[in-house]
Amino acid sequence: MKLNYKIFILTLLILLFSIHIISAQTLTVEEIIDKMDERSPDFTTQKTISEMTLIDQKGKEEVREMLMFSQKEEGDKTSSLVRFLSPKSVKGVTLLNLNSSEKIYLYMPAYDKPRRIAGSSKGDEFMGTGLSYEDMSMDYEDKDNEKKLLQETEKEYRIEIIPTGEDTSYKKIILSVDKEKFYAKNVEFYDTSETLTKTLEIVNIKIDDQGKITPMEIEFTDLMENKKTKIVIKEIEYNIELASDFFSIRTLSKPTL
Amino acid sequence: MPLITVDISESSWGTMRLAIIAALVILLILYFCFRSFLGVFLPLLVALLSSLWVLGFVASSGKSVTMMISAMPVLMISLATAYGIHFLSRYYEERHNLNPLEAVNTTIQNIFIPIFMSAITTMAGFLSLTAAIVRPMTEFGFFSTLGIFFAFVLATFLLGSLFTIFPPVKIHQKFSYEANDVITRLLRLVSQSILKEKKVILISILIIGIISIAFSTRVKTESSMESRLGKESKIIKTMNYFNEKFGGTDYLYVYIQSKNVKNPYVLRQMKKIEDYSKQLSALGEPSSITDFLIQLNNAMENKNIIPANEDKIDNLWFLAGDNAYIANMIGEQNDETLMQIRTKDMTSTALNQAINQMREFIKNIPQQVRKTELSKINEEAKPEYYAYLVEEIISSLEAKSVKLNNKEELKEELIKIAGTPGSEFKKDSEEFSNEILNVSSLEIEDLGIEKIDLLPILTSYTRDNKSPDDLIKDLTEKIKLSPDDAVYLLGILEDSKIIVENREKVRFAQLSTEKLTGQNLKDEEKDILWYLMDEAIYSPDNNGDIEVSFQLTGIPVISDKINNSLFKGQVKSMIIAFIAVAIMLMIQFGSLMVGLLAMISITLTIITAFGTMGLLNIDLNIGSIMVASIAIGAGIDYTIHYISRYKNELTRRSKIEAMKITLTGTGRAIVFNSISVAAGVFVLGFSEIKMMAVFGKLIGSVMILSVIYTLTLLPILLNNIKLKEEERSEIKL
């Protein structure tokens with residue numbers, strides 16, 4: 001069973017907020033990426049309420065609201081819990097992802113018992129969104145990835161990343177980094193035949209007192225399937241107190257979180 | 001399908017090539033008949049020009065050459081030649097006594113009316129085809145009518161003017177009354193037999209007629225691609241290949257409409273229809289949204305069924321619905337969906353039967369039901385509702401082709417089980433406790449404890465009917481759980497216990513069912529008994545708020561409809577043609593009696609044709625079904641020519657003399673005509689397309705039959721009535 005965008009959302013949100021891309025004032029790619037990393041918020045736990053809009057080929061929209069908790073675990077792993085708040089038909093459906101998809105559990109309120117479901121593999125596409133884990137992982141700080149500064153314009157740096165991992169589905173990924181604020185405004189995904197297949201755009205951001213940047217509105221476009229996914233963050237809190245056994249099956253089926 | 005279409009087009013062009021062969025065959029026969037170049041060339045010229053005109057017309061009207069239209073040049077050559085033959089034959093006959101110009105005048109005077117009449121009636125015959133609902137046949141009817149009209153114009157005006165300008169010098173001997181060739185001798189023999197062996201002829205015709213009627217009842221309708229094209233056809237081979245490899249090239253669809261097709265009742269009925277379709281050998285591999293939902297439900301709670309709970313379906317849909325394929329299987333308003341069933345069988349009889357069985361099955365499904373929550377009805381009323389549950393179980397099992405003996409007993413038993421509380425299925429065994437632990441394994445694992453440690457505690461709790469507090473005490477003391485965790489685990493174990501009790505209850509119902517029906521159930525059949533645990537009951541109710549409609553559709557259903565409309569259309573066109581021709585003959589000959597007599601030989605021709613089809617196991621299909629109409633249209637020519645000549649001769653001669661001269665004069669033209677037409681259409685018998693081949697052979701036989709009836713029965717019948725012309729000749733005498 002492929003688990004569509006519930007997992008994707010999870011991964012998407014976790015990873016977008018913890019973009020490990022580092023950047024610097026000028027010159028080298030490494031410095032730019034270091035600088036980007038500096039600008040991303042530091043947190044161990046976070047809570048967000050977001051609204052996701054799926055827009056299909058015919059322009060039909062479907063809106064889902066969800067509540068998400070996440071926590072950084074040892075070894076750069078993340079655990080998270082996503083609960084759908086609306087629409088009514090999915091209200092209460094909850095997903096628990098332990099240690100970056102090591103284990104994924106699903107709880108559906110109409111069924112009493114939670115179920116463990118298989119985690120998706122890196123390149124698997126999430127039904128309905130056209131996104132894969134890989135797309136969202138933005139694991140660009142991987143030392144093995146080849147990075148190259150393609151272009152420097154008045155407003156942005158264009159950085160090309162060539163994934164070197166064996167199971168990658170992309171030939172290259174191009175980031176457009178805002179020169180002033182150091183965040184990836186735009187990400188372009190090119191498939192193995194170098195065709196631009198997907199784009200991710202950060203439409204809106206929030207800058208806090210320390211100058212840390214949080215994306216507030218993200219738009220993802222699948223050019224092949226002509227589908228769009230918009231995510232708007234309605235509430236976000238960092239470093240909240242969570243019980244030590246919060247990321248557990250017990251929490252999964254709790255009526256209120 | 002495009003490939004197959006190309007194949008059909010190629011075969012159609014093959015049929016067009018047959019036109020050339022038909023022309024050559026007719027050429028030879030005409031030469032044998034007329035023994036002159038003109039006798040060969042002129043009738044053929046009429047045919048070729050008229051078919052050329054028609055094809056030009058087809059092209060200019062933007063229509064494409066369909067399988068039916070491709071047969072037209074052949075048909076045109078066969079039918080249009082006739083007018084040329086009659087003209088020539090009469091002209092040659094007249095030339096023995098008259099000079100060229102007079103001969104043309106007399107010929108036109110004598111022949112114009114019969115040719116016109118026969119053209120009109122043939123046109124009426126073809127025009128009646130336009131009453132058919134099937135477009136290729138309508139077009140065919142229309143263009144053939146046009147072709148006949150062109151042929152009539154050409155045969156009279158073109159030939160008339162040609163003979164005026166270029167009169168032939170030499171006329172063959174056999175066109176005089178004194179001729180002694182094979183055909184003349186044969187015709188003389190016929191006239192002698194008619195005079196001497198009248199009874200024998202009549203009785204034999206009667207016997208043939210009766211036998212034909214008997215055989216015509218055996219004619220079957222068959223309009224599958226295979227019967228149209230033949231088993232050896234490339235197209236059929238391709239289609240059979242696809243059938244084998246992909247389980248059928250056509251789909252049967254069930255279109256489902258309901259306010260919410262994700263309603264459990266609707267989905268369960270869909271599942272039943274799918275299961276039922278698997279029972280029918282002509283159908284297979286049904287698929288619809290139910291399959292995904294059942295799979296997901298199985299993943300969630302190990303039950304291969306559509307859950308009765310709407311919330312569960314909503315939850316499942318959340319998982320399945322993001323799949324583009326599944327999402328597209330359902331309408332935007334959730335008010336429609338489609339079930340797809342492959343059709344395996346190529347013969348339309350088997351498929352029709354399957355379609356009818358499907359229709360019958362669907363008809364028996366209640367289309368309006370009311371949902372009742374079991375928790376909202378009092379205990380006394382419950383058995384009544386359990387009966388609906390059990391009814392659904394039984395119909396679902398039967399759809400899965402489970403043969404249920406002792407149905408009534410089974411019903412009673414299942415209703416009893418449904419009403420038994422789950423707690424009565426509790427067991428004291430360790431096995432029972434173990435199953436509870438298995439059901440709770442995720443939570444137990446999550447708490448970081450081992451099932452094996454829990455087993456003795458749980459067993460004693462269930463066996464000794466301990467209180468929940470006892471269990472909490474055991475959990476905190478023996479396993480060192482925090483009080484909070486212990487309460488949580490208690491809740492989990494209690495929930496799991498209910499699940500396990502229900503499993504026992506259903507297992508008991510499965511065993512009872514197997515015992516009562518005397519057969520073992522397969523896993524997915526067993527799962528149907530989970531319906532006993534339904535909390536919502538759907539009962540047939542004319543005021544119920546859940547309505548659903550199932551509609552069979554897809555190419556097999558459409559072609560089934562076409563077959564029916566084809567048949568009806570054909571019967572209609574035959575009747576129209578028959579009546580039209582009868583009326584026309586009555587008006588043309590100014591006699592009710594003559595009109596009726598003329599119809600007798602035509603009727604006999606049709607009956608014999610159908611009899612032959614029955615005898616040779618030729619199925620009635622889009623091609624062969626036209627035989628009747630064409631038999632009327634083309635066969636009427638002989639009658640018209642015979643009667644006109646006969647009446648004409650009667651004004652000068654005695655009945656017997658008139659008959660003799662008509663038989664040898666017009667009779668010859670009729671025989672020429674029929675032989676050439678028959679030969680021409682018989683060429684179609686070599687067509688790659690089976691339908692066309694059968695069509696050719698059948699029409700060819702009908703032509704010959706028709707001439708036999710015309711030249712034997714008609715003279716006898718006419719001999720026995722008094723005609724106006726006869727009176728006139730008597731007065732003259």
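So, Ile256 of chain B: which residue does it stand opposite in strand 3 of chain B? It's Thr337(B). And before I go on, keep in mind that this is a predicted model.

That pair belongs to strand 1, residues 250-258, and strand 3, residues 336-343, of chain B, which run antiparallel and share 8 bridges. Zoom out a bit and you get the whole sheet in chain B: it's open, it has 6 strands with antiparallel pairing, and the order is 2-3-1-6-4-5. Why is one side of strand 2 and of strand 5 left without a neighbour in the sheet? Because strand 2 (283-287) and strand 5 (536-540) of chain B stand at the edges, and each has a single partner strand. Going from one strand to the next, the twist averages 30°.

There's a helix on that sheet too. Helix 16 of chain B, residues 382-399, packs there and touches strand 4 (368-373) and strand 5 of chain B. The direction of helix 16 makes about 80° with that of strand 5.

Okay, on to the nonpolar cores. The largest one has 108 residues. The residues with the most contacts inside that core are Val46(B), Ala80(B), Tyr83(B), Ala151(B), Ala155(B), Val681(B) and Leu698(B). Which helix gives the most to this core? That would be helix 29 of chain B, residues 690-719, with 13 residues.

Take Ala151(B) from that list. If you leave aside its neighbours within four places in sequence, Ala151(B) is in contact with Val46(B), Ala47(B), Ser50(B), Met76(B), Leu79(B), Ala80(B) and Tyr83(B).

While we're in chain B, have a look at helix 27, residues 655-664. 7 of its 10 residues are buried, so this helix is largely enclosed by the rest of the structure. The buried residues are Ala658(B), Met659(B), Lys660(B), Ile661(B), Thr662(B), Leu663(B) and Thr664(B).

Now chain A. How many helices and strands does chain A have? There are 4 helices and 15 strands. Chain A has 257 residues, and 38% of them are buried. Of the contacts in chain A with a separation of 6 or more, 45% come from residues 24 or more positions apart.

Strand 13, residues 196-207, pairs with strand 14, residues 213-222, in the antiparallel sense over 9 bridges. Ile207(A) stands opposite Ile213(A) in strand 14. Those two strands form a hairpin with 5 residues between them, and in the turn Gly211(A) has a positive phi of about 80°.

Then strand 14 goes on to pair with strand 15, residues 227-238, again antiparallel, through 6 bridges. Here it's Ile218(A) that has Ile231(A) as its bridge partner in strand 15. That's a hairpin as well, with 4 residues between the strands, and Asn226(A) in the turn has a positive phi of about 60°.

Last stop, where the two chains meet. 19 residues of chain A are in contact with 17 residues of chain B. On the chain A side, the elements that give two or more residues are strand 6 (115-117) and helix 4 (249-252). By class, that side has 10 nonpolar, 4 polar and 5 charged residues.

Methods:
Residues are numbered from 1 along each chain as its sequence is written. Chains are lettered from A and ligands numbered from 1 in the order in which they are written. This is a predicted model: local features need pLDDT of at least 70, side-chain atom pairs count only at pLDDT 80 or more; totals for chains, interfaces and linings use all residues. Two residues are in contact if their C-beta atoms, placed from the backbone, lie within 7 Å. Ala, Val, Leu, Ile, Met, Phe, Trp, Tyr, Cys and Pro count as nonpolar, Asp, Glu, Lys and Arg as charged, and the others, Gly among them, as polar. Two strands pair if DSSP finds at least two bridges between them. Axes are lines fitted to C-alpha atoms, for helices over the stretch in contact, and angles run from 0 to 180 degrees between N-to-C directions. A nonpolar core is a set of buried Ala, Val, Leu, Ile, Met, Phe, Trp, Tyr and Cys residues joined through C-beta atoms within 7 Å. A residue is buried if 20 or more other C-beta atoms lie within 10 Å of its own, exposed if 12 or fewer, and partly exposed in between; C-beta atoms are placed from the backbone.
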